[in-house]
Amino acid sequence: MGSDDQPDSARERAEEFNFSEVFVHQMIHSIEFVLGAVSNTASYLRLWALSLAHSELSTVFYEKVLLLAWGYENIIIRLVGLAVFAFATAFILLMMETLSAFLHALRLHWVEFQNKFYHGDGYKFMPFSFALLADDED
């Protein structure tokens, strides 16, 4: 698009070079980049902490429920321990932790995708329209 197509475009203004303005502008972009990198790293560390919590929770269920029940000679206690362990594994670990990890990963992909490729550079958004395309051909 040429500058005549966008009347409010920043390219249309011809100003003199001002070092202090460029320096401040670049410093703002540098700070935004560093903050974005720290934020994205913290988000990945949050996912890592979630996987560690999942691992610890499964260890607790295994040691405190299944192995404790297996220490008794009574078959009913063993079956109850096995049922509690199966319920805890299937419903708490698998369903809730998978949902939580999915939501965290979805958030990471959305946020990181948006802040890496979106730049609000001041151009007016013009949605695609077949009607406008047909008018341009006429």
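I began with F91, which at 42% relative accessibility counts as partly exposed, where buried stands for under 20% relative accessible area, exposed for over 50% and partly exposed for the range in between, with a 1.4 Å probe and protein chains only. I kept in mind that this is a predicted model, in which local features need pLDDT of at least 70, side-chain atom pairs count only at pLDDT 80 or more, and totals for chains, interfaces and linings use all residues. Residues are numbered from 1 along each chain as its sequence is written, and side-chain values use heavy atoms, with hydrogens and water left out.

Next I looked up F87, and found it partly exposed at a relative accessible area of 49%. F87 and F91 lie 4 residues apart in helix α2 (residues 75-117), so about one helical turn separates them; helices here are DSSP runs of H or I with at least four residues, strands are E runs of at least two, and both are numbered from the N terminus.

I then searched the whole structure for aromatic pairs and noted 4, a pair being rings of Phe, Tyr or Trp (its six-membered ring) with centres within 6.5 Å, called stacked if the planes are under 30 degrees apart, edge-to-face if over 60 and tilted for the rest. One of them is F19 with F23, a stacked pair at 6.1 Å centre to centre with 25 degrees between the planes.

How far apart are F19 and F23 in helix α1? They are 4 residues apart in that helix (residues 19-70), which means a separation of about one helical turn. F19 counts as exposed at 59% relative accessibility, whereas F23 is partly exposed at 47%. For F87 and F91 I recorded ring centres 4.9 Å apart and planes at 40 degrees, so that pair is tilted.

On UniProt I looked up an unreviewed entry, which places a "transmembrane region" at residues 75-96; its positions follow the numbering used here, feature names are shortened, and annotations may be inferred rather than shown by experiment. In the model, residues 75-96 are 100% helix and 0% strand, with the end C-alpha atoms 30 Å apart.

I also checked R78, which lies over the face of W70 at 5.3 Å from the ring centre, the rule being NZ of Lys or CZ of Arg within 6 Å of the ring centre and within 35 degrees of the ring normal.

Last, I looked at the chain overall, which has 3 helices and 0 strands in the pattern α-α-α along the sequence, and of its 138 residues 12% count as buried.
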